[in-house]
Amino acid sequence: MKTNPSIPPLGKPSLCGWDADHHPMLKGVRCTACGEVAFPPQHYGCERCGSGALADVELAAQGVVLGSSQVHIHTQPEPAVPFTVAEVRLDAGPVVRALLDVGPEAGDWHGRRVHGVLKERGQDPVVLEFRFGVAA
């Protein structure tokens, strides 16, 4: 994959990236024995059947919020408080946790549709961080 020097690097390129249509996606694995899909990717064995036959897959970063929590105390400078962490069931199956891109706004996000976004984080160096944006 060619890199574009005008686009900041990804903070965790082993977990996320862009699909062929330049939409944010997550990197996971699919068991070729039973079909189980897992995130984050690991190649130790299937979480369901134990098979070692795992294939890397791109997971569409779309799903539904199962629950969320707003964080008000955090020891690191980033992300700045308050921020919201959400547990999302991806349309592809796995449940993942990530920041919800809603700023300091508090709310009940349960049941809301979300999609992946890559947002700039940091000053020096600037990197892109995966988050979920709430669908309109």
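Author: Two strands count as paired when DSSP finds at least two bridges between them. Let's keep that in mind as we walk through this model, which is a predicted one.

Reader: Glad to. What makes β1 and β2 a pair?

Author: Three bridges join strand β1 (residues 16-18) to β2, in the antiparallel sense. The cut-off is at least two bridges, so β1 and β2 qualify as paired. In this pairing Trp 18 faces Pro 24 of β2. The hairpin of these strands has five residues between them, and there His 22 takes a positive phi near 70 degrees.

Reader: Why is β2 described as mostly covered?

Author: Buried means under 20% relative accessible area. In β2 (residues 24-31), six of the eight residues are buried, hence the description. Across the protein chain, buried residues make up 35% of the 136 residues.

Reader: And Ser 51, is that one buried or exposed, and how do you know?

Author: Its relative accessible area is 19%, and the cut-off is under 20%, so Ser 51 is buried. Ser 51 sits in the loop between β3 and β4.

Reader: What does Ser 51 touch?

Author: Leaving out residues up to four places away in sequence, Ser 51 touches Cys 31, Ala 33, Gly 45 and Cys 46.

Reader: Let's move on to the later strands. What makes β5 and β6 a pair?

Author: Eight bridges connect strand β5 (residues 62-71) and strand β6 (residues 83-90), which run antiparallel. At least two are needed, so β5 and β6 are paired. Here Gly 63 stands opposite Leu 90 in β6.

Reader: How many bridges join β6 and β7?

Author: There are six, again in the antiparallel sense, with β7 covering residues 95-100. Val 88 has Val 96 in β7 as its bridge partner. The hairpin of β6 and β7 has four residues between the strands, and Gly 93 in the turn shows a positive phi of about 125 degrees.

Reader: Zooming out, how many helices and strands are there in the protein chain?

Author: Zero helices and nine strands. Along the sequence the pattern is β-β-β-β-β-β-β-β-β.

Reader: How do you know that the radius of gyration agrees with a compact globule?

Author: For 136 residues the globule value would be near 14 Å, and the protein chain has 16 Å, which agrees. The C-alpha trace spans about 45 × 40 × 30 Å along its principal axes.

Reader: What share of the contacts joins residues 24 or more positions apart?

Author: That share is 44% of the contacts with a separation of 6 or more.

Reader: And what about the surface and the charges?

Author: The accessible surface comes to about 8,300 Å², with 52% belonging to carbon and sulfur atoms. The protein chain carries 12 positive and 15 negative side chains, and the centres of the two sets lie 3 Å apart.

Terms used: Residues numbered from 1 in each chain as written. Predicted model: local features only at pLDDT ≥ 70, side-chain atom pairs only at ≥ 80, totals over all residues. Heavy atoms only, no water. Rg over C-alpha atoms; globule rule 2.2 N^0.38 Å. Buried < 20%, exposed > 50% of the residue type's maximum accessible area, 1.4 Å probe, protein only. Contact = heavy atoms within 4.5 Å. Areas by Shrake-Rupley, 256 points an atom, 1.4 Å probe, with all protein chains shown as cover. Lys, Arg positive; Asp, Glu negative; His and termini not counted. Charge placed at Lys NZ, Arg CZ, Asp CG, Glu CD.
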